[in-house]
Amino acid sequence: MTSPPSGRSSAAPTWKVLLALLSLVLATTVWVLGLVDSVSKPSVAPALSLEQQELALLAEPKVPVPLQSLLVGADPSAALLNSLRQIPLDRLDERQRLLFAALESDPEHLRTLQQAAPRADAFAELQKALTDPGARDVSVDDRARLLSQAPDPLVRRLACEALGGDLTSCLDPRSASAAARRLVISELLPLLALLLGGLLLIRHLWLLFRRRLAPWPALVAPPLAPLDMVLLVAGGFVVLGEVLAPLVVLPVAGLVTRGLAAPLSQGITVLFGYVALAVPPLLILRQQLRTCDPSPPPSGGWLQWRLQPFGTAVLQALRGWLMVMPPVVLTGWLVSRVIGDQGGSNPLLEIVLTSNSSLALLLLGSTIVVLAPLFEETIFRGVLLPVLGRSLGRAGAVIVSALVFAVAHLSLGELPPLLVLGLGLGLLRLSTGRLLPCVVMHALWNGVTFLNLLLLGS
């Protein structure tokens with residue numbers, strides 16, 4: 001059952017129809033070009049894989065033996081070396097070249113590394129010692145001096161071993177223990193969440209089959225028409241938010257960030273850019289709701305936020321997040337197995353992975369975990385889904401809103417998993433009759449991804 005449309009004339013003004021058609025054509029063009037362009041953009045998957053392998057190798061001495069095969073694999077040194085061998089030398093940064101040289105024993109690869117001029121003078125002597133087999137036999141004092149150039153504990157340990165040190169003297173127990181804790185959180189907890197989510201999903205499907213699930217509440221929709229949704233999403237979200245507003249806001253962000261270091265300037269630019277994206281459609285939505293119907297909104301408002309009881313919303317979101325994890329992960333795995341990595345990962349992922357500024361991470365986290373769920377759920381599950389529900393039915397509304405949600409992220413490789421995530425968020429909106437659980441679930445999804453990147457990047 002859905003609320004009937006009210007306060008809408010049967011025929012929209014001609015100018016409104018033409019504006020909607022123009023917006024739709026422009027938005028379709030922008031999205032198609034964006035999806036095609038995403039294929040040529042780099043994927044964050046190789047960087048994530050490399051970070052995971054480095055973390056496993058650093059943590060290996062402190063990982064309990066029963067968990068080693070699960071968390072670090074049979075030979076983490078060989079796995080990392082093989083990954084570094086697959087990357088063109090000119091794409092390796094100075095730190096990765098040091099790791100490569102410390103792990104490598106093949107004379108041919110060492111000669112290639114030796115011929116590559118160091119990019120940083122601070123590492124030049126250490127790199128020369130690691131790439132020259134004849135220079136690796138050094139005294140204890142010389143080894144200590146060379147290791148003082150190592151940029152982090154993993155490089156220091158591997159370089160120490162390559163220069164003749166034993167594991168006991170080369171190991172930094174504190175760093176290894178911290179890495180082991182991060183590895184457990186980043187690997188074991190998602191696995192437990194997948195198992196629990198799978199069990200909840202099976203139970204839910206069983207109750208659905210037995211017709212023992214509680215009936216869904218009525219779908220309350222704002223008194224808007226599909227034409228209004230075209231203007232909101234195509235015109236406000238895409239044309240104004242993604243194309244025109246950044247032309248004004250990003251130069252301002254450039255002035256604000258002038259002279260700032262890269263991580264902080266990136267964080268400020270991302271925040272400014274997302275605000276520029278969100279403000280135009282939200283202003284359009286506000287105007288649409290103010291002018292479309294003089295009657296008072298229903299209990300909970302047209303968007304059905306229904307903030308109370310808050311604890312119930314959090315539990316509903318947590319349950320939805322756990323249940324959607326298995327199908328999203330499975331979809332991503334199938335896509336990678338069938339068509340491979342299509343690239344086009346969200347650039348925010350790599351920024352978070354490589355950032356070393358606490359303030360930049362705070363700005364990025366606020367954008368990813370707070371602003372994005374609030375804005376996207378307001379548009380896609382707060383307005384688009386219920387309005388489409390009147391004309392397409394609940395199933396059609398969930399599918400179309402999820403598809404628009406997935407396409408809006410402009411990543412062809414991530415489109416199938418995002419589509420499944422959008423379906424899960426849409427079903428949560430229907431089953432609870434509230435928007436708040438969708439926002440919390442979206443924030444949980446983004447927050448866990450953000451936390452995992454922090455654990456790997458640290």
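Reader: Left-handed or right-handed: which way does helix 14 pass helix 17?
Author: The crossing is right-handed (near helix turned clockwise from the far one by less than a right angle; left-handed if anticlockwise). Helices are DSSP runs (H or I, at least four residues), numbered from the N terminus. This is a predicted model, where local features need pLDDT of at least 70, side-chain atom pairs need 80 or more, and totals for chains, interfaces and linings use all residues. Residues count from 1 along each chain, and side-chain values use heavy atoms, without hydrogens or water.

Reader: OK. At what angle do helix 14 and helix 17 cross?
Author: Roughly 155°, and their axes (lines fitted to C-alpha atoms over the stretch in contact, angles 0 to 180 degrees between N-to-C directions) come within 8 Å. Helix 14 covers residues 310-338 and helix 17 covers residues 415-432.

Reader: What do you call that arrangement of helix 14 and helix 17?
Author: They are roughly antiparallel (over 145 degrees; under 35 is roughly parallel, 65 to 115 roughly perpendicular, the rest oblique).

Reader: Which residues of helix 14 and helix 17 meet?
Author: From helix 14, Gln316, Ala317, Val324, Pro327, Val328, Thr331, Gly332 and Val335 take part. Helix 17 answers with Pro416, Pro417, Val420, Leu421, Gly424, Leu428 and Thr432. Contact here is heavy atoms within 4.5 Å.

Reader: New topic. How many salt bridges are there in the whole structure?
Author: The search finds 7 (Lys or Arg side-chain nitrogen within 4 Å of an Asp or Glu carboxyl oxygen). One of them joins aspartate 228 to lysine 16, at 3.0 Å from N to O. Aspartate 228 sits in helix 12 (residues 226-256) and lysine 16 in helix 1 (residues 14-40), 212 residues apart.

Reader: Are aspartate 228 and lysine 16 buried or exposed?
Author: Both are buried (under 20% relative accessible area; exposed is over 50%, partly exposed in between; 1.4 Å probe, protein chains only).

Reader: How do helix 1 and helix 12 pack?
Author: Their angle is about 50°, and the axes lie 8 Å apart. That makes helix 1 and helix 12 oblique to each other. Helix 1 passes helix 12 in a left-handed crossing. Lys16 and Asp228 belong to this contact, and the other residues include Trp31 of helix 1 and Phe237 of helix 12.

Reader: Back to the salt bridges. What does glutamate 54 pair with?
Author: Arginine 95, at 2.7 Å from N to O. Glutamate 54 is in helix 2 (residues 45-59) and arginine 95 in helix 5 (residues 94-103), 41 residues apart.

Reader: Why does glutamate 54 count as buried?
Author: Because its relative accessibility is 7%. Arginine 95 has 23%, so it counts as partly exposed.

Reader: And which residue does arginine 85 pair with?
Author: Glutamate 104, with the closest N and O atoms 2.7 Å apart. Arginine 85 lies in helix 4 (residues 76-86), and glutamate 104 in the loop between helix 5 and helix 6 (107-115). Arginine 85 is partly exposed at 37%, while glutamate 104 is buried at 1%.

Reader: Which residues do shared partners join into one network?
Author: Glu54, Arg95 and Asp152.

Reader: Last one. How many residues of helix 9 are buried?
Author: 7 of its 10, and helix 9 (residues 153-162) is mostly covered. The buried ones are Leu154, Val155, Arg157, Leu158, Ala159, Cys160 and Ala162.

Reader: What do the buried residues of helix 9 pack against?
Author: Helix 2, helix 5, helix 7 (124-131), helix 8 (140-147) and helix 10 (167-170).

Definitions and conventions. Helices (H or I, at least four residues) and strands (E, at least two) are DSSP runs, numbered from the N terminus.
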